[in-house]
Amino acid sequence: MSLEITGVKKGEAVAFKNPPKAFFDAIGGEEGMKKLMYNFYDKIYESDIANFFPQDEEEFEEVKAKNTKFFIQICGGPKVYEEAGEQNLNEFMVRLHDDFSINERARVEWLGTMREALEELEGVPSELIEQFWDYLDKFSKLTVNSFSDGSTYYAAFTQVKEIK
Ligand code: HEM
């Protein structure tokens with residue numbers, strides 16, 4: 001299985017495809033997504049980016065739950081993520097991350113943590129995991145807003161191409 005992290009370039013247009021519904025089905029639907037995301041967040045709390053996330057247990061629980069719902073919906077599952085209203089889900093998610101100073105190092109740590117959780121999945125075809133990964137690798141570039149030269153750049157969604 002090849003889960004590679006490609007580098008972010010400031011201002012570069014990003015094209016991505018939402019993950020396939022087949023991935024959602026293969027991991028066991030809503031329950032499977034919950035297990036995957038809760039496992040991911042347990043690892044986040046042991047990672048170098050734990051400080052980005054709420055330390056309060058109830059707030060942490062809320063982030064886990066919302067995260068699970070977002071991923072259920074973005075994979076083509078039931079529309080359970082209510083925060084975005086009528087807005088484009090991906091655009092809403094990019095803007096939500098503007099409130100945090102995310103650099104490439106934080107992105108790589110986030111992706112590396114997710115990779116560990118994905119490698120623990122059992123009985124899921126690797127090509128489906130790779131397609132899910134492809135979305136994460138590309139989409140996560142849009143959450144990076146702080147650069148090594150000290151500048152900030154908030155990705156304009158007009159530069160994004162959602163491939164159908
Ligand atoms: C594929 C990339 C990513 C996706 C799809 C994603 C998705 C999400 C979702 C669904 C939430 C919860 C939204 C809500 O509150 O309704 C969230 C929150 C958050 N994400 Fe991400 N994320 C991504 C990458 C990253 C990266 C690279 C970082 C780097 C540190 C990050 C940091 C955070 C933080 C700090 C929060 C908010 C925690 C809080 O509410 O206090 N995310 N993300």
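At what angle do the axes of helix α2 and helix α3 cross? The axes of α2 (residues 29-44) and α3 (residues 57-74) cross at roughly 130° and come within 9 Å. The model is predicted: local features need pLDDT of at least 70, side-chain atom pairs count only at pLDDT 80 or more, and totals for chains, interfaces and linings use all residues. Residues are numbered from 1 along each chain as its sequence is written.

View 1. Helices are DSSP runs (H or I, at least four residues), numbered from the N terminus. In α2, Glu30, Met33, Lys34, Met37, Tyr38 and Tyr41 meet Lys64, Asn67, Thr68, Phe71 and Ile72 of α3 (contact: C-beta atoms, placed from the backbone, within 7 Å).

**View 2. The buried residues of α3.** Thr68, Lys69, Phe70, Phe71 and Ile72 are the buried residues of α3 (20 or more other C-beta atoms within 10 Å of a residue's own). Their cover includes α1 (21-26), α2 and α4 (89-97). After α3 comes Gly76, with a positive phi near 90°.

**View 3. The packing of α2 and α5.** Helix α5 (residues 104-119) packs with α2 at an angle of about 135°, the axes being 9 Å apart. Axes are lines fitted to C-alpha atoms over the stretch in contact, and angles run from 0 to 180 degrees between N-to-C directions. Leu36, Asn39, Phe40, Lys43 and Ile44 of α2 make the contact with Thr113, Met114, Glu116 and Ala117 of α5.

Technical notes
Helix = DSSP H or I, 4+ residues; strand = E, 2+ residues; numbered from the N terminus. Contact = placed C-beta atoms within 7 Å. Buried ≥ 20, exposed ≤ 12 C-beta atoms within 10 Å, placed from the backbone.
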